[in-house]
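Okay, thanks for having me. Let me put the structure up and then we can walk through it together.

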Number of protein chains: 4
Amino acid sequence: MHRLGQVLVAAVFMAVGLAQAQPIAVVNGTVLDGNGGEPIPNGVIVIDGKRIVAVGTRDVRIPRGAKRIDATGKYIIPGMMDANAHLVYEISPEFMARFEARLGDIAKETAQVALKNGITTLFDTWGPLEQVKAARDDINRGTLVGSRVYFGGNIAGVNGPLTADFHGAPPQELSKETIARINAMWEQGIGHELMFMTPEQVRVRIRSYLDKGVDFLKIAVSGHGSWTSGLLSFSPEVLRVMVEEAHARGLIVQTHTVTVEALRIFAEGDFDLAQHCGTTLRELKPGDKMLDLIPDSTIRLLVDRKRSCTLNAYTKVEIRRRIGDPEGHIDLDSPYSVPADPSNTRAIEALIANQNEKKMIAAGVTMLMTTDAGIPWIDSPLINRTSPCWRNKGQCLHFLGEGHIAWLRAVQEKGMAPMSALQAATRNIAAAYHKLGDLGTLEAGKIADLVILDADPLADVDNYTKIHLVMKDGAVIDRDALPTVKVITPLNAPRLATR
Amino acid sequence: MHRLGQVLVAAVFMAVGLAQAQPIAVVNGTVLDGNGGEPIPNGVIVIDGKRIVAVGTRDVRIPRGAKRIDATGKYIIPGMMDANAHLVYEISPEFMARFEARLGDIAKETAQVALKNGITTLFDTWGPLEQVKAARDDINRGTLVGSRVYFGGNIAGVNGPLTADFHGAPPQELSKETIARINAMWEQGIGHELMFMTPEQVRVRIRSYLDKGVDFLKIAVSGHGSWTSGLLSFSPEVLRVMVEEAHARGLIVQTHTVTVEALRIFAEGDFDLAQHCGTTLRELKPGDKMLDLIPDSTIRLLVDRKRSCTLNAYTKVEIRRRIGDPEGHIDLDSPYSVPADPSNTRAIEALIANQNEKKMIAAGVTMLMTTDAGIPWIDSPLINRTSPCWRNKGQCLHFLGEGHIAWLRAVQEKGMAPMSALQAATRNIAAAYHKLGDLGTLEAGKIADLVILDADPLADVDNYTKIHLVMKDGAVIDRDALPTVKVITPLNAPRLATR
Amino acid sequence: MHRLGQVLVAAVFMAVGLAQAQPIAVVNGTVLDGNGGEPIPNGVIVIDGKRIVAVGTRDVRIPRGAKRIDATGKYIIPGMMDANAHLVYEISPEFMARFEARLGDIAKETAQVALKNGITTLFDTWGPLEQVKAARDDINRGTLVGSRVYFGGNIAGVNGPLTADFHGAPPQELSKETIARINAMWEQGIGHELMFMTPEQVRVRIRSYLDKGVDFLKIAVSGHGSWTSGLLSFSPEVLRVMVEEAHARGLIVQTHTVTVEALRIFAEGDFDLAQHCGTTLRELKPGDKMLDLIPDSTIRLLVDRKRSCTLNAYTKVEIRRRIGDPEGHIDLDSPYSVPADPSNTRAIEALIANQNEKKMIAAGVTMLMTTDAGIPWIDSPLINRTSPCWRNKGQCLHFLGEGHIAWLRAVQEKGMAPMSALQAATRNIAAAYHKLGDLGTLEAGKIADLVILDADPLADVDNYTKIHLVMKDGAVIDRDALPTVKVITPLNAPRLATR
Amino acid sequence: MHRLGQVLVAAVFMAVGLAQAQPIAVVNGTVLDGNGGEPIPNGVIVIDGKRIVAVGTRDVRIPRGAKRIDATGKYIIPGMMDANAHLVYEISPEFMARFEARLGDIAKETAQVALKNGITTLFDTWGPLEQVKAARDDINRGTLVGSRVYFGGNIAGVNGPLTADFHGAPPQELSKETIARINAMWEQGIGHELMFMTPEQVRVRIRSYLDKGVDFLKIAVSGHGSWTSGLLSFSPEVLRVMVEEAHARGLIVQTHTVTVEALRIFAEGDFDLAQHCGTTLRELKPGDKMLDLIPDSTIRLLVDRKRSCTLNAYTKVEIRRRIGDPEGHIDLDSPYSVPADPSNTRAIEALIANQNEKKMIAAGVTMLMTTDAGIPWIDSPLINRTSPCWRNKGQCLHFLGEGHIAWLRAVQEKGMAPMSALQAATRNIAAAYHKLGDLGTLEAGKIADLVILDADPLADVDNYTKIHLVMKDGAVIDRDALPTVKVITPLNAPRLATR
């Protein structure tokens with residue numbers, strides 16, 4: 001009865017939200033519409049039902065009887081989007097044993113925490129298919145308040161969370177039955193076994209997989225696990241078959257790459273979007289004196305072919321934490337800055353990515369905001385390994401709810417203009433995912449997803465946290481009530497003040 | 001002084017062997033010349049110096065003063081060749097700690113054990129470069145008696161023996177210094193780090209590597225480690241660069257592949273030789289009901305393009321041991337024969353390979369004998385994992401000295417004609433490695449490497465073990481004196497009767 | 001509401017059971033009263049309220065209006081007792097993560113499964129204190145139907161289940177917080193830390209501990225963990241202090257011992273009961289040719305001082321499984337029967353215990369039935385290690401519900417008379433635990449706990465499973481309704497037919 | 001021939017040393033004779049052959065023809081003694097695999113490094129029996145120059161170095177055969193198996209063991225391994241038997257204890273010497289607020305019964321390193337100073353021992369210098385765990401050659417008077433080990449072991465390092481030539497400047 005009760009409460013709440021026949025006019029604020037032009041002072045946005053019907057200044061006609069929202073001194077931006085997040089984020093064995101039956105609720109809770117923080121749309125790029133799908137569908141049909149979700153399910157070629165692909169080795173302290181059950185939730189027939197198939201065998205698997213109702217396809221062009229680091233999952237022929245099948249259904253295709261060669265394959269291929277483009281790993285051997293970056297030729301290709309890229313962009317504070325140099329001895333701008341311990345792969349990764357990212361930003365590659373975030377679990381035995389930044393507030397990319405602030409800060413540190421950063425968090429994502437007809441900007445005809453901020457986000461990144469109001473689908477969100485589903489957030493509360 | 005002493009003894013011994021100005025005539029035996037034609041009864045082979053000067057029947061002129069070797073009732077075959085063996089075979093941490101300073105001697109000892117058993121030429125496809133090279137060079141310059149050695153050094157893209165590529169995870173109980181030192185002996189600048197480079201960066205590394213004097217280049221088209229199983233190491237562009245560089249120097253290129261896609265890449269590419277073609281792995285997931293074999297189209301390509309393949313061919317006895325079915329309940333001929341435990345990857349591998357091999361033999365793919373063998377070490381902590389067949393005499397592919405018997409038995413069990421098997425162990429290897437001008441058959445002009453057997457090897461595989469005499473470079477080998485270098489063989493003696 | 005619902009159902013059920021003002025007469029059966037005398041044919045047992053008011057033959061007066069239970073052809077025995085069982089049995093990390101919040105329910109469920117199988121009283125010798133206490137108290141106050149429970153809580157000197165004392169090493173895949181929280185449930189201030197204290201410091205801890213309401217005190221005279229095997233936990237002075245404190249409160253003291261020296265300390269000391277007396281471990285070193293048994297002098301002491309002992313008595317079938325000799329090559333009666341692999345400590349333990357047990361039974365040591373059982377969990381990752389006998393029905397000592405059958409079978413195999421075995425399962429336990437005033441035999445004045453069997457248990461051990469009726473506290477138990485609390489038993493059902 | 005050569009060189013060298021018929025007179029120095037009295041200025045020590053014949057001031061008669069050693073401005077002390085050192089110190093798996101055949105040479109090398117640094121006598125309290133014995137015997141018979149060695153072999157009740165007693169768990173990467181072979185070198189029939197025996201069975205083992213020729217017996221009153229921490233190995237009866245057997249042969253008995261109870265057992269028993277008396281461990285549980293020290297009653301017993309104790313006394317610098325507090329925030333003098341991480345057992349150990357040691361020094365317990373040292377191996381994979389103080393020169397107790405300096409510094413930091421410290425390093429050890437007739441002081445009749453220092457060791461501990469001359473058995477040692485046996489010391493040289 002408990003969970004049913006939650007759903008009922010949510011449904012009632014939502015029904016109220018949707019009951020508004022009355023148009024809304026947001027007036028007197030500065031509008032940053034996401035198209036990159038000059039801010040519109042004294043802007044007016046008129047919403048009728050789920051959609052925006054007009055955006056302009058004082059000359060916009062406000063329908064009689066419209067409810068007015070006064071935004072004097074405030075800033076209106078499109079609802080923020082996250083190009084890569086996870087409704088189920090934690091993958092430790094203990095978490096799985098403890099929450100196996102609650103993963104669906106956690107997915108819903110996560111979508112609610114995102115919305116509370118102004119992320120009105122997110123793209124789940126790896127998760128348990130049925131649970132994430134249920135969250136998406138409940139939200140779409142209005143029985144759950146939460147961020148709009150699009151999802152890809154599994155990454156083609158990658159095994160489930162309790163495998164060597166994610167843990168270096170399979171867990172030792174769970175039963176085989178548990179491990180198999182959990183992994184199957186993620187794998188869905190397109191796990192590591194694809195590696196061993198012919199192109200046509202892969203085609204059959206991908207078709208069955210796409211029938212499950214995912215919104216896009218993500219492919220592990222690079223291997224995902226720590227030991228497979230740098231290897232390629234698929235031959236060109238197999239990649240071609242997978243892209244064909246997804247495109248035939250009108251689905252975009254995105255990639256996981258971690259080497260310069262894999263990124264070149266992305267740039268030259270027929271893919272739509274590459275996750276964490278800046279991440280090109282390197283294994284240092286005795287005598288290696290410098291780090292190799294993405295070649296200029298590949299960056300040029302990304303620009304010329306208008307390829308969209310996400311970045312796992314860390315702030316300077318976070319980079320220094322990851323390379324073990326809090327006091328700033330190491331020059332973050334030099335390819336000769338090799339970490340003291342050459343086996344510290346995490347440090348190498350951070351140093352290279354930082355420079356790659358600067359190069360790509362300077363070159364004008366189309367960038368999307370991404371956090372790779374979810375709700376971490378404070379009691380996780382993996383916490384130090386995978387999410388070690390509980391204490392550095394606003395610097396922690398992978399903590400959903402604040403990770404996007406870290407991202408916006410990081411890319412500006414790396415040279416991106418504030419207005420471009422805003423577009424990376426809105427319009428660019430909608431465009432890359434082929435959702436620009438409905439989302440990504442404040443324009444007449446678009447779905448009314450917007451955030452009203454108390455101060456100018458272009459002046460200071462922290463202003464993105466000063467949320468006055470979040471609207472999704474034309475309805476004002478009762479942020480204080482979120483999340484209504486509570487599984488992890490109450491557990492985190494004692495130690496994590498923000499939740 | 002000890003080791004110097006060994007070398008001196010060997011040198012003296014060899015000098016005696018070479019001192020023969022006198023021609024030799026092997027007479028009255030049945031000659032199986034390696035070309036696949038009818039056996040020559042009452043054959044005559046005349047040797048002068050290192051080379052054969054005539055092969056025929058009674059009408060061959062025997063030089064005056066020639067020393068006659070009477071082979072009445074016996075069979076003369078070309079010196080056997082092994083297309084894939086290892087002068088340093090054991091890779092356990094304890095072995096490395098214990099024998100680090102003796103690896104060079106072990107390489108020499110291994111080449112001697114090979115020769116003692118009638119393998120007059122072997123191709124070392126992975127080993128510590130300097131130590132294997134020293135064995136090759138000492139043998140070539142006549143200061144050491146041993147099998148003729150050609151070597152490739154490292155497999156491009158693969159890390160050293162004390163890494164995850166070979167152990168699943170790096171050893172825990174050796175010092176970092178030891179691990180780095182040992183791995184560097186193997187890696188030689190073309191280890192896993194190549195994965196992270198652009199084609200042109202790889203080219204630079206390969207050039208430096210080939211300068212070190214290897215006889216051929218081996219490439220990890222498939223990843224080598226247990227966790228990288230099935231992934232591809234290199235993009236097509238990188239593969240092309242590596243092949244170009246080797247061919248430019250007249251060196252052949254061979255591949256390591258473990259999937260059907262990687263084998264197709266081999267078949268379609270410009271490579272010369274594929275190791276263990278029959279090995280196409282598979283990861284079983286719940287519900288998987290059958291094993292996938294190499295597609296007919298790929299096998300046709302191998303035949304049409306005359307690609308050479310080695311097989312890690314196990315006998316039925318050994319296959320049943322590996323799949324845990326000593327009593328023969330499982331049908332080895334059906335692709336529906338899935339092992340009881342789907343996580344038993346070794347069993348899956350053996351079942352698939354067995355059928356692949358039958359298909360390829362039936363289709364007429366050019367086959368080479370290979371053992372992947374070396375001298376195992378009886379005290380190895382890995383013995384049960386990597387070489388668990390101490391007790392099944394004559395079935396154990398990876399034990400140098402008897403492994404070739406296991407191979408010859410296995411391929412005949414799988415349908416290869418006895419004469420084809422003999423060619424796989426002689427002529428085909430010489431041809432694939434571009435050594436047919438000197439080696440591989442008994443013909444005038446060739447180097448005089450031959451083995452005289454007491455009984456017909458085509459009638460019974462065990463007759464390959466009935467060695468009457470081994471000749472290499474025209475010199476009769478004192479088999480009883482081998483090995484003169486003794487590091488591992490005396491340790492094995494108490495438990496391993498054959499050594 | 002779910003769990004509350006369970007309790008309400010149980011309470012209603014129980015209320016019905018207790019509502020009987022009406023006396024009961026069990027008539028016409030054969031009474032085995034637990035005192036060891038001849039069976040009483042045509043016996044009559046009259047119960048009024050919770051107590052037996054008369055036991056005899058036809059001349060016993062049956063009160064007017066008594067409800068008659070006809071036991072023609074049947075056998076009536078005292079309710080069986082288990083001197084060593086565990087309401088929470090499973091200790092794997094996954095189990096703890098998954099069921100942390102359900103341990104209290106599992107304790108109740110276990111007490112119900114025991115009662116269903118005729119165990120009317122059990123002694124929990126190690127468990128989470130609060131959860132086991134709650135089960136005891138609910139049952140005692142009549143709000144839960146279940147076996148009568150007495151408990152000792154922690155074993156003095158032993159750490160909680162997620163420690164090296166129980167796992168060889170602490171679990172790796174649970175968070176520190178989880179591990180600490182779970183262990184604290186068991187340790188209760190008398191864990192391994194007692195080892196480091198003076199006698200008077202230990203006294204303070206034991207006093208606080210006894211205040212928590214346990215029914216007896218169990219002391220780790222021997223260390224409990226696998227690496228502490230054979231060491232002694234406490235000095236004689238500390239042991240004395242602990243015994244003093246328990247005896248001062250009228251509580252009996254029992255011991256955990258695993259060596260001949262520890263058993264001698266028990267026999268010479270002022271303890272009341274020793275668990276698994278037959279278990280005297282041994283570590284074999286190269287050259288050791290035989291196993292040492294308990295010295296005759298110690299056995300004589302046990303008899304002379306009337307010490308009570310439990311035995312972890314395995315059947316022959318189970319012993320052979322444990323020593324890896326299913327076909328019976330090893331002579332179980334010879335002290336020269338050393339296992340092939342001297343590092344197989346489990347096999348050594350089983351071989352020694354078997355002979356010790358025979359010696360003690362022959363000498364007439366007072367024996368108590370014990371199973372060390374609980375409800376195992378079918379999905380346990382430890383199942384193969386700790387409870388590997390899912391398939392050998394009726395041989396599996398540690399499976400609550402059938403373990404006592406295995407015990408009764410085992411001791412008879414080892415030479416105990418059937419009537420003595422029955423007493424070991426009833427009267428002897430009540431006496432050792434100082435409960436003979438109320439429990440252990442069928443006599444006037446005792447609590448009416450009894451089991452009616454369809455066939456003679458002295459003729460065939462399997463007849464103990466042919467339960468016609470179980471009565472506890474004078475109430476007939478609705479066995480079909482048990483367990484009413486369902487946590488583990490439904491999970492086990494698919495694979496374990498009996499549950 | 002190599003090793004034989006070393007022995008020959010050593011023998012020749014020694015022969016020269018012993019060839020002196022000529023008496024020696026050390027004159028004009030300040031004599032600190034080890035008896036604790038006032039220093040003797042202008043002292044004269046006359047040596048004839050191996051013995052001192054006179055000690056005094058100017059009135060001592062110097063034999064005609066005596067060779068004079070002028071010690072003007074210098075200080076003469078008895079040869080220093082180490083009550084607990086190890087000729088084979090390193091126990092990592094790699095070390096054992098690498099040096100298995102060199103352990104005897106390492107034992108000799110270590111005795112030479114000790115002598116070079118002024119330690120003329122050392123007591124090896126745990127090591128491979130045959131190898132240590134050979135070093136002792138070679139030195140005693142004059143064929144090897146080195147520190148005088150007495151040894152105990154194994155610690156009764158403790159397993160060999162490659163076991164859980166020493167590694168927490170047995171090594172994983174060595175073969176079973178290697179592990180068994182190495183452990184047997186140490187165990188010698190009195191390993192962990194004694195735990196499982198009756199007193200009389202233990203007696204038989206101890207008798208056989210003492211027959212092997214050890215100089216004393218060491219008993220594990222406390223368990224030695226990390227998991228057995230705090231448990232007691234033996235019952236009082238077994239301890240009694242072992243002491244009886246050793247004393248019957250005139251051998252002293254020493255103990256390994258790690259708890260307050262075990263130390264009390266020592267103090268009340270009939271033992272001669274306790275190793276590391278100050279080490280009383282503690283396991284902290286949540287809520288524990290302070291550390292328990294050795295009770296006053298036990299310390300009084302140690303004083304009253306004149307028990308001898310060694311201390312593993314760390315300097316303040318080293319203690320702070322071990323507790324992770326280099327900057328000195330934690331008060332080392334308070335029993336409320338609990339380490340931040342209660343699972344840091346090493347920190348707890350260091351904090352408690354420091355205070356125990358102060359209490360015992362203040363109370364006047366008889367103290368012996370001990371280092372528990374040997375020659376560490378720079379490439380050890382355990383180096384960070386067991387010997388992490390390569391960089392803190394003069395603070396590192398367990399590094400033979402400098403460890404005694406660390407000890408002398410540490411005890412003075414803890415309140416011991418400089419003269420008492422000198423006695424702890426000389427006279428007290430001789431007395432405790434029953435060697436006072438020959439060793440420990442500079443007195444007529446004693447063996448002529450002495451060290452001449454360039455500066456006053458009572459004024460500054462570092463002056464113990466300013467060695468002018470070492471004499472042993474009346475012979476001046478050529479310190480520059482030591483060690484003549486070189487196995488580990490050359491390996492350490494690159495990183496360890498002092499060797």
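This is a predicted model: local features need pLDDT of at least 70, side-chain atom pairs count only at pLDDT 80 or more; totals for chains, interfaces and linings use all residues.

Hop over to chain A. Here too there is an open sheet of six strands with parallel pairing, ordered β9-β10-β11-β12-β13-β14. The edge strands of chain A are β9 (155-156) and β14 (366-368); each has a single partner strand, so one side of each is left without a neighbour in the sheet. In chain A let's look at the β9 end. β9(A) pairs with strand β10, residues 217-220 of chain A, in the parallel sense, and there are two bridges between them. One position to look at is A:A156, whose bridge partner in β10(A) is A:I219.

Okay, on to how the chains meet. I'll take chain A and chain B to begin with. How is chain A related to chain B? You superpose chain A on chain B with a rotation of 180° and 0.0 Å of shift along the axis, and the RMSD is 0.1 Å. The same surface is used by both copies, with 100% of the contact residues of chain A recurring in chain B.

How many residues does the contact take from each side? It is 44 residues from chain A and 44 residues from chain B. Together chain A and chain B bury about 3500 Å², and 59% of that is on carbon and sulfur atoms. On the chain A side, look for A:F196, A:W227 and A:L231: they supply 22% of the area that chain A buries against chain B, more than any other three residues.

Between chain A and chain B the count is eight salt bridges. One to bring up on screen is A:R264 with B:E237, where the closest N and O atoms are 2.9 Å apart. For polar contacts across the interface of chain A and chain B, the number is 19 residue pairs.

Which elements of chain A give two or more residues to the side that touches chain B? They are α6 (176-187), α7 (199-210), α8 (236-248) and α9 (260-268) of chain A. α9(A) gives the most, with four residues. Sorted by class, that side of chain A has 17 nonpolar, 14 polar and 13 charged residues.

Now the other pair, chain D and chain C. Chain D can be laid on chain C by a turn of 180° with a shift of 0.0 Å along the axis, at an RMSD of 0.1 Å. That's the relation of a two-fold axis. And the same surface serves both copies, since 100% of the contact residues of chain D recur in chain C.

In this contact, chain D gives 44 residues and chain C gives 44 residues. The area chain D and chain C bury between them is about 3500 Å², 59% of it on carbon and sulfur atoms. In chain D, the residues losing the most area to chain C are D:F196, D:W227 and D:L231, together 21% of what that side buries.

What about salt bridges, how many are there across the interface of chain D and chain C? There are nine. An example is D:D288 with C:R205, with the closest N and O atoms 3.3 Å apart. Polar contacts between chain D and chain C come to 19 residue pairs. On the chain D side, at least two residues each come from α6 (176-187), α7 (199-210), α8 (236-248) and α9 (260-268) of chain D. The largest share, four residues, comes from α9(D). And by class, the side of chain D that touches chain C divides into 17 nonpolar, 14 polar and 13 charged residues.

That's my tour, happy to take questions.

Key. Residues are numbered from 1 along each chain as its sequence is written. Chains are lettered from A and ligands numbered from 1 in the order in which they are written. Side-chain values use heavy atoms; hydrogens and water are left out. Copies are superposed by least squares on the C-alpha atoms of residues with pLDDT of at least 70 in both. Contact means heavy atoms within 4.5 Å. Buried area is the accessible area (1.4 Å probe) that two parts lose on being put together, summed over both. A salt bridge is a side-chain nitrogen of Lys or Arg within 4 Å of a carboxyl oxygen of Asp or Glu. A polar contact is a pair of N or O atoms within 3.5 Å; within protein, one must be able to donate a hydrogen and the other to accept it, and residues adjacent in sequence count only if both atoms are side-chain atoms. Ala, Val, Leu, Ile, Met, Phe, Trp, Tyr, Cys and Pro count as nonpolar, Asp, Glu, Lys and Arg as charged, and the others, Gly among them, as polar. Two strands pair if DSSP finds at least two bridges between them.
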